[in-house]
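Student: Can we go through this one together? I'd like to start with the strands.

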Amino acid sequence: MLVSMTINGQEHSHDVEPRLLLVHYIRENAELHGTHWGCDTSNCGICVVLMDGEPIKSCTTLAAMADGHEIITVEGLEAADGTLDPIQQGFHEMHGLHCGFCTPGMMVTGRWLIDKHPNPTQMTDHEIRDAISGGLCRCTGYNNIVKAIRWAAAYEADAAGRS
Amino acid sequence: MDLSVHTQPQYPLGGEERHTLAMQTPAPCEYSRATSVDDAIGQLEALNGNARILAGGHSLIPMMKLRLANPGHLIDINPLEPELNYIRQEGNEIRIGAMTRHRDMLESDLLERTFPHIFAEAEAVLADPVVRNRGTIGGSLCQSDPAEDLSGVVVALKGVAVLRGPGGAERLVEMDEFHVGPYMTAVGDTEMLTEVRFPIQPGHGSAHEKVERRAGDFAIVAASAVLSIQGGVIKSAGVACSAVGPTTMHIERAEKALVGQAPSEQLFAEAGKMASEDCSPSNDGRGPADYKRHVAGVLTTRALSRAAATALR
């Protein structure tokens, strides 16, 4: 069947099997390898992408279900000129990764948390940890991921204050 | 540079090749979108039962990967979300549309006001926020997983499922009849769950207790308790336990023992003992049966105590 969707602002259209999972469509049809493919059971949260602004697990969504929708992957976070999104910069500043396997899902989920939170600089540790509880990291113990998300929230508040 | 992902044979692979790549992908199936509830039912009819309704997909797609569900055709009802995602009061009932997502129930002021605090408590520990963005009440009930939290809530609240069939025919099914067995429901091949209705009781208090191995996991044991207390007397009660039997366990003996009594810790301890005796857990990776039996009793007592405190507040 023909499936069309916008990924990071770009139109993609492919003839695929209805059973094709969105994570494989993104990686193999759209050839965007930033989104990782992990447990395949919706437990690990590595494959999280935004669909119409909401994070979803792309291993548990058919490409067909995303037909006509707007997808943002980790590649879509950075600005057109290559400037890192504050959430990406935050993972760099706070050493929010070690092996990097869970990082795309953590960044996309963190971006969503900051965007939907009414007061991102006041986020509690519990709120951040709850938001990323659908993602598994086996390297960091999560402390640096929490710090990275907090760094991004503070950086954006600062930037907003300066402008 | 050899990027194996580019040189991989055409995806997706089925049969034996699937095993060599350790790839989890559903078996081949067809896919269509529904344009209305009646269109979905019409498609079910035309496909003669060889089809499943696809809502959030967070139960059905994993089941298809495991080959525990092998529908020849998926009918996607996500386009019906505007029609089927709602939480509203009608007369003395709360009605929740089948496509209402877990997140909507977690964040609903109407549910929290009407049924404090069972929906908020159960939804907060059901899977994780990302899964809750997609999963629906209809999917949860139709999956009929005996360890799933929301099913326990619906049983304890005496929810009634609205099933629509060919020609717009609707029938109402209580939860005791709805859950036929593990992963089996009363929903017919050409029927679709469209709504769940909950009676509103004055003096309501409710709670959901869960013990799990890690955040967002299925329960080792969970207990859902609902009380309606008027004039210092329990007028109605609902008790359900999850993950301790072939279906969500409806602890009717405890409900009967509670109704007509004044709430007390001793009464709730007795009700917990009944839950412990009447459930039928099995030994598995989440623990031995006698442990789960014990936990079911403790959680039922705790949930009832907290439900009473809320009702009497």
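Tutor: Two strands pair if DSSP finds at least two bridges between them; strands are DSSP runs (E, at least two residues) and helices are runs of H or I, at least four residues, numbered from the N terminus. This is a predicted model, where local features need pLDDT of at least 70, side-chain atom pairs count only at pLDDT 80 or more, and totals for chains, interfaces and linings use all residues. Residues are numbered from 1 along each chain as its sequence is written, while chains are lettered from A and ligands numbered from 1 in the order in which they are written.

Student: OK, which residue is the bridge partner of Leu2(A) in S2(A)?

Tutor: Asp15(A). Strand S1 (residues 2–7) of chain A runs antiparallel to strand S2 (residues 10–15) of chain A, with 6 bridges.

Student: And what is in the hairpin between the strands S1(A) and S2(A)?

Tutor: There are 2 residues between the strands, and Asn8(A) has a positive phi near 50 degrees.

Student: Which strand pairs with S1(A) in the parallel sense?

Tutor: Strand S5 (residues 70–72) of chain A, over 2 bridges. Ile71(A) in S5(A) stands opposite Ile7(A).

Student: New topic: how is chain A divided into domains?

Tutor: Domain 1 covers 2–76 and domain 2 covers 86–162; such bounds come from an automatic or database domain assignment. Their centres, taken over C-alpha atoms, are 22 Å apart.

Student: How many residues does the contact take from each domain of chain A?

Tutor: 13 residues from domain 1 and 11 residues from domain 2, where contact means C-beta atoms, placed from the backbone, within 7 Å.

Conventions:
Two residues are in contact if their C-beta atoms, placed from the backbone, lie within 7 Å. A residue is buried if 20 or more other C-beta atoms lie within 10 Å of its own, exposed if 12 or fewer, and partly exposed in between; C-beta atoms are placed from the backbone.
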